[in-house]
Amino acid sequence: MYTVTLIPGDGIGPEITSVVVDVFEHMNVPIIWDLVEAGEKVIEKYGTPLPDYVIDSIRKNKVALKGPITTPIGKGFRSVNVTLRERLNLYANLRPIKSLVGLNTKYDNVDLVVVRENTEGLYKGIEYKIDDTACAVRVITKNASDKIAYFTFKYAKENKRKKVTAVHKANILKITDGLFLESIRKVASEYPEIEYEEKIVDNMSMQLVLNPEKYDVIVAPNLYGDILSDLAAGLIGGLGLAPAANIGEDAAIFEAVHGSAPDITNKGIANPIALLSSSIMLLDYLKLNKLAKKLENAISATVKDIQVLTPDLGGKGNIESMKNKIISFLS
Ligand code: ATP
Ligand code: MG
């Protein structure tokens, strides 16, 4: 038995996490959930959206499944997501984007992974204002760049990927992105069997729209990685499908790429696949590979039935019909 921290989160978070809990129960997954609340609903009681018990639980269990968490704008709280990544040093954000066979989308041949540096860049949150001038400090360190570089190539090799594309804007940000590229290049030279190329982020955005099948593993500093992974999610049918893993040396948090989706909260139409696919990554991380494959197959079978799918996928169904269909393929 594994004990895994479960954070339902805000917005559609409780709806989609409950689908994962139900599906895992049907599959007899050997996981006991350690349920901890974070986000908007605990602010009043604890004075923060991220009480210490959340960090303590993840440190103890080392693995967490997390719903999206809203950070109230302008109330002085730092983003819970960013704080968790920083405090637990979850330096790599792994975001696989793969076309689902049978789902009618703009492309049917996408199979790429965005590896996003997860602890620095513009997300350090160092901002200040002097009179009418506002500044943000973009921090890139050799240490974090080396770590993401090694993570990327090790991942590429272990997962039989053929090519790594480093994304940057070093023509403008010569020192910061220059340092990032230096780290990636050095590690690339240690993996001669993996093809290596570099693309400037604006060009990369166009290339991804034109020829997504040309890309395999993409490594990028924090903000470019964030933007490109939403773009890539759009290629395969939207944010309702895109999973993510935040990985560090001592812990890992699995979550959907999307946010709390306040526009569809409590309407019963949130797509649970993004978080379910994150939970597949969690199963693989715990080496429960057979269960992971089983759930993957059930999702693949489900998306072929447009009737049961949520509206974001062009379906007429809802979260309930989707869950039931997935469960029907698990028996
Ligand atoms: P955050 O600031 O929390 O990241 P955001 O403003 O980036 O939020 P998201 O919550 O990611 O926005 O949502 C962007 C759009 O995608 C919204 O229209 C939302 O309804 C849609 N969306 C996100 N997740 C899902 C989902 N699981 N199923 C269906 N639609 C979704
Ligand atoms: Mg977002």
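The residues of the shell around ligand 1 comprise seven nonpolar, seven polar and two charged members, in a model that is predicted. Of the 16 residues around this ligand, those that come nearest are G240, H258, G259, A261 and N271.

Turning to the overall organisation, the protein chain is divided into domain 1, which is made of residues 1-100 and 237-330, and domain 2, which covers residues 106-236. The C-alpha centres of domain 1 and domain 2 lie 24 Å apart, and the contact takes 23 residues from domain 1 and 26 residues from domain 2. On the side of domain 1 that touches domain 2, α4 (80-87) and β4 (92-98) each supply at least two residues, and the largest share, seven residues, comes from β4. The make-up of that side by class is tabulated below.

| Class, side of domain 1 that touches domain 2 | Count |
|---|---|
| nonpolar | 12 residues |
| polar | six residues |

Leaving aside residues up to four places away in sequence, V115 touches A92, L94, I148, F151, T152, Y155, V217, I218 and V219.

As for annotation, an unreviewed UniProt entry places the feature "domain: Isopropylmalate dehydrogenase-like" at residues 3-326. In the model, this span is 40% helix and 22% strand, and its end C-alpha atoms lie 24 Å apart.

Key. Residues are numbered from 1 along each chain as its sequence is written. Chains are lettered from A and ligands numbered from 1 in the order in which they are written. This is a predicted model: local features need pLDDT of at least 70, side-chain atom pairs count only at pLDDT 80 or more; totals for chains, interfaces and linings use all residues. Two residues are in contact if their C-beta atoms, placed from the backbone, lie within 7 Å. A residue is near a molecule or strand if its C-beta atom, placed from the backbone, lies within 6 Å of it. Ala, Val, Leu, Ile, Met, Phe, Trp, Tyr, Cys and Pro count as nonpolar, Asp, Glu, Lys and Arg as charged, and the others, Gly among them, as polar. UniProt positions are given in the numbering used here, feature names are shortened, and annotations may be inferred rather than shown by experiment. Helices (H or I, at least four residues) and strands (E, at least two) are DSSP runs, numbered from the N terminus. Domain bounds come from an automatic or database domain assignment.
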